[in-house]
Amino acid sequence: LELLPIEGSVDDTIDRFIRPFDLQATPLVRAGLVELAPAEHLLIVDLHHIITDGISQTVLIKDFMQLYAGETLPNLSIQYKDYAEWESQRIHQRAGARDFWISDLSDELPVLDLPTDFKSPAVKSQVGQSLDFTIDPATTKALKKIAREERTTLFNLILAIFNVLVGRLTNSTDVIIGTTTSGRPQAELEQVIGMFVTTIPLRNFPRGALRVREFLRQVSDKTLRCLDNQAYSYDELLAALKEE
């Protein structure tokens, strides 16, 4: 824990505290305490993404709040190292998951020709952008109604709609959309801090001959099968596909 003097504004102090980590040295987390007033302090925690995910941050904040309130944190029945060891031993489950993904993605994969507003840069980068928008209450209610009627989730319904949109924009009936999962299939992992997130590619076929609800059922079924096989990591999958 570093005691940080305020130099300039609080934001300036926070910016100076955040700095690159050396992945060869532990710990990959650092904490700093700033005294704003005799009875007012600011706790700053900087963690590398390789050891934490979004759920972990929620767990960490909750733990800090409990400690601040003078409460005792419950003992965990499992640690991240136990999870890592358990993962390495799931040979049969991982083999089955590998077979599923190879079967699903080993043929010719689609290259989506999305229309763009600007020319692609000469040098590829991983810098992206996001677009936020709000769906009005009436439309949201209608979407939830359809999801309930089809016994599926709102995620699957939105995914089906997005598949149709991408298919129309690219004139393609073969669409792969990536998504992430929490990677915490066991209840014991819900309170463990670590990097569990898994990326999975969801491949669907929005063909014009399908009725909307029929396609939604296909998407829902495919999502469930992909989630059942998420034990095989995306990095391993990419390596395996190159070998095919």
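**Figure 1. Overall view of the chain.** Of the contacts in the chain with a separation of 6 or more, 64% are between residues 24 or more positions apart, where contact means heavy atoms within 4.5 Å. The model is predicted, so local features need pLDDT of at least 70 and side-chain atom pairs count only at pLDDT 80 or more, while totals for chains, interfaces and linings use all residues. Residues are numbered from 1 along each chain as its sequence is written, and side-chain values use heavy atoms, with hydrogens and water left out. The chain has eight helices and five strands; helices (H or I, at least four residues) and strands (E, at least two) are DSSP runs, numbered from the N terminus. From the N terminus on, the order of elements is β-α-β-β-α-α-α-α-α-β-β-α-α. The radius of gyration of the chain is 23 Å, well over the 18 Å that the globule rule gives for 244 residues, so the chain is more spread out than a compact globule. This radius is taken over C-alpha atoms, and the globule rule is 2.2 Å times the number of residues to the power 0.38. Along the principal axes, the C-alpha atoms fill a box of roughly 70 × 45 × 45 Å. Of the 244 residues, 29% count as buried; buried means under 20% relative accessible area, exposed over 50% and partly exposed in between (1.4 Å probe, protein chains only).

**Figure 2. The largest nonpolar core.** A nonpolar core is a set of buried Ala, Val, Leu, Ile, Met, Phe, Trp, Tyr and Cys residues joined through side-chain atoms within 4.5 Å. The largest one holds 23 residues, of which Trp101, Cys226, Tyr232 and Leu237 touch the most other members. Two or more residues each come from helix H4 (91-105), helix H5 (137-149), helix H6 (154-170), strand S4 (175-181), strand S5 (198-204), helix H7 (212-228) and helix H8 (234-243). H4 gives the largest share of this core, five residues. Leaving aside neighbours within four places in sequence, Leu237 is in contact with Trp101, Ile102, Leu105, Pro201 and Tyr232. In soluble globular proteins, nonpolar side chains tend to be buried together.

**Figure 3. Packing of H4 against H7.** The two helices pack at an angle of about 140°, with their axes 9 Å apart. Axes are lines fitted to C-alpha atoms, for helices over the stretch in contact, and angles run from 0 to 180 degrees between N-to-C directions. H4 and H7 are therefore oblique to each other; angles under 35 degrees count as roughly parallel, over 145 as roughly antiparallel, 65 to 115 as roughly perpendicular and the rest as oblique. Phe100, Trp101 and Asp104 of H4 make the contact with Lys222, Arg225 and Cys226 of H7. These residues divide into three nonpolar, no polar and three charged. Here Ala, Val, Leu, Ile, Met, Phe, Trp, Tyr, Cys and Pro count as nonpolar, Asp, Glu, Lys and Arg as charged, and the others, Gly among them, as polar.

**Figure 4. The loop between H5 and H6.** Glu150 lies in this loop and is buried, with a relative accessible area of 17%. Not counting residues up to four places away in sequence, Glu150 touches Arg213, Leu216 and Arg217. Arg151 is found in the loop between H5 and H6 as well, but is exposed, with a relative accessible area of 80%. Phi of Arg151 is near 55°, a positive value in a residue other than glycine.

Figure 5. Most residues other than glycine have a negative phi, and most peptide bonds are trans. Asn171 has a positive phi, near 55°, and is placed in the loop between H6 and S4. The relative accessible area of Asn171 is 76%, so Asn171 is exposed. A cis peptide bond joins Thr26 and Pro27, with omega about 0°. Pro27 is in the loop between helix H1 (10-17) and strand S2 (29-37).

Figure 6. Gln66 lies in helix H2 (residues 54-68) and is buried at a relative accessible area of 18%. Glu71 and Leu73 are in contact with Gln66, leaving aside its neighbours within four places in sequence. Asp107, in the loop between H4 and H5, counts as partly exposed at 45% relative accessibility. The C-alpha atoms of Asp107 and Leu241 are separated by 9.6 Å, although the two are 134 residues apart along the chain.
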